[in-house]
Amino acid sequence: MKKHLTALASAVVLTFVLSACGSATGTGSSADPAEDTGLGHIHGVGASGATLYVATHQGVYTPAPDGRPALVGTRKDDFMGFTVTPKGTFLASGHPAPGGDGPADLGLIESTDRGATWTTRSLAGEVDFHALDTGPDATVYGYDAADGRLRVSGDGVVWEERAALRALDIAVSPAAGAKAGATVLATTEQGVVRSTDGGRTFGAPLSPQVVAYVSWAAPDALFGADPSGTLLRSADGGASWTRVARLPGGAPQALTAVDARRILAATGDGVYESADGGRRFVRRMAVASGGDGH
């Protein structure tokens, strides 16, 4: 009974997160070194070498020496979906900054200079990806939040519509995909669901465990953060989960496993990094509390 109540409570929290996309940014306390940044909505975290990058409601930032957010480039767009590919290319989506030119939805945009400049790849004015990931063959997977549909592209230009579902985050298996397509996971209010045909169809939830954010570092190292801020690890692709640690700072806003040991997590008061698979975290960048990631 206790497990069912826990799952139900987590589902209620995830429902709130799913319905809160685009809500207003919160503010920090006077003791918070990020109080004058207004950065409370983090939508994605990634790394290029040793450098940390944080996609937010007001641009992409990296931590300054004092831990304060430093803007990368000049764009202060609302970067929603965000990922760094194995080749170091930044992919993102979202909305232009207030008063900016262009369509309301950015489609897929790309940076090959670590966020200094961005170019449009496709779907401008058509799609707002809230989650992005790439497969081992460089195929791009994006969750279109407006239409509630997974879209897949081999080149970032031509896209195929795949399954319709209500999800918060996606993760693509780092193992080579089967002939019919890669294994894709999506986090839903009922639990993590899996596709073994490249996102064309998804099955029932793999377990009662509700997970908000997922990141697949290695075939046997899938990491997840539940809505309350517990870091989890799965060695069997999400069928079962083991508790790793409690994330510092409260509820999660974003999660990226760079590899099986290096974990990046954004929570209510900062962006944290672990070098030991999530057992211990160090705050790399302070932010104002934003409540939820989307």
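**Entry 1: a tyrosine and its partner**

I started with Y53, which is buried at a relative accessible area of 6%. I am noting here that I am working with a predicted model. Buried means under 20% relative accessible area, so Y53 falls within that class.

Next I looked for aromatic pairs, and a search of the whole structure gives five of them. In one, the ring centres of Y53 and F90 are 4.9 Å apart and the planes stand at 70°, so I wrote this pair down as edge-to-face. The cut-off I needed here is that planes over 60 degrees apart count as edge-to-face.

Where do Y53 and F90 sit in the chain? I found Y53 in strand 2 (residues 51-56) and F90 in strand 6 (residues 90-95), so I have a pair that links distant parts of the chain, 37 residues apart. F90 is buried too, with a relative accessible area of 0%.

**Entry 2: a tilted pair**

I then turned to F79 and W118, an aromatic pair with 5.1 Å from centre to centre and 45° between the planes, which is tilted. This pair also links distant parts of the chain: F79 belongs to strand 5 (residues 78-84), while W118 lies in the loop between strand 7 (108-111) and strand 8 (119-122), 39 residues apart.

Are F79 and W118 buried or exposed? I looked up both: F79 is buried at 1% relative accessibility, and W118 is buried at 10%.

Putting the rings together, I get a cluster in which ring pairs link Y53, F79, F82, F90 and W118.

As a reminder to myself, strands of a sheet pair through backbone hydrogen bonds.

**Entry 3: the largest nonpolar core**

How many residues does the largest nonpolar core have? I found 15, and those with the most contacts inside the core are F223, L231, L247, L255, I263 and F281. Strand 16 (213-218), strand 17 (221-225), strand 20 (254-257) and strand 21 (263-267) each give two or more residues to this core. Strand 17 gives the most, with three residues.

Leaving out residues up to four places away in sequence, L231 touches several others, including F223, V244, L247, L255 and F281. I also noted another core that lies apart from this one, with 13 residues, among them A131, V152, A167 and V184.

**Entry 4: strand 18 and its partners**

Strand 18 (residues 230-234) is mostly covered, with four of its five residues buried. Strand 17 and strand 18 run antiparallel and are joined by four bridges; here L231 is the bridge partner of A225. Four residues lie between the strands in this hairpin, and G229 has a positive phi near 105°.

Strand 18 is also joined to strand 19 (residues 242-246) by four bridges, again antiparallel. There I traced L232 to its bridge partner in strand 19, R243.

Notes:
Residues are numbered from 1 along each chain as its sequence is written. This is a predicted model: local features need pLDDT of at least 70, side-chain atom pairs count only at pLDDT 80 or more; totals for chains, interfaces and linings use all residues. Side-chain values use heavy atoms; hydrogens and water are left out. Rings of Phe, Tyr and Trp (its six-membered ring) pair if their centres lie within 6.5 Å; planes under 30 degrees apart count as stacked, over 60 as edge-to-face and the rest as tilted. Buried means under 20% relative accessible area, exposed over 50%, partly exposed in between (1.4 Å probe, protein chains only). A nonpolar core is a set of buried Ala, Val, Leu, Ile, Met, Phe, Trp, Tyr and Cys residues joined through side-chain atoms within 4.5 Å. Contact means heavy atoms within 4.5 Å. Two strands pair if DSSP finds at least two bridges between them.
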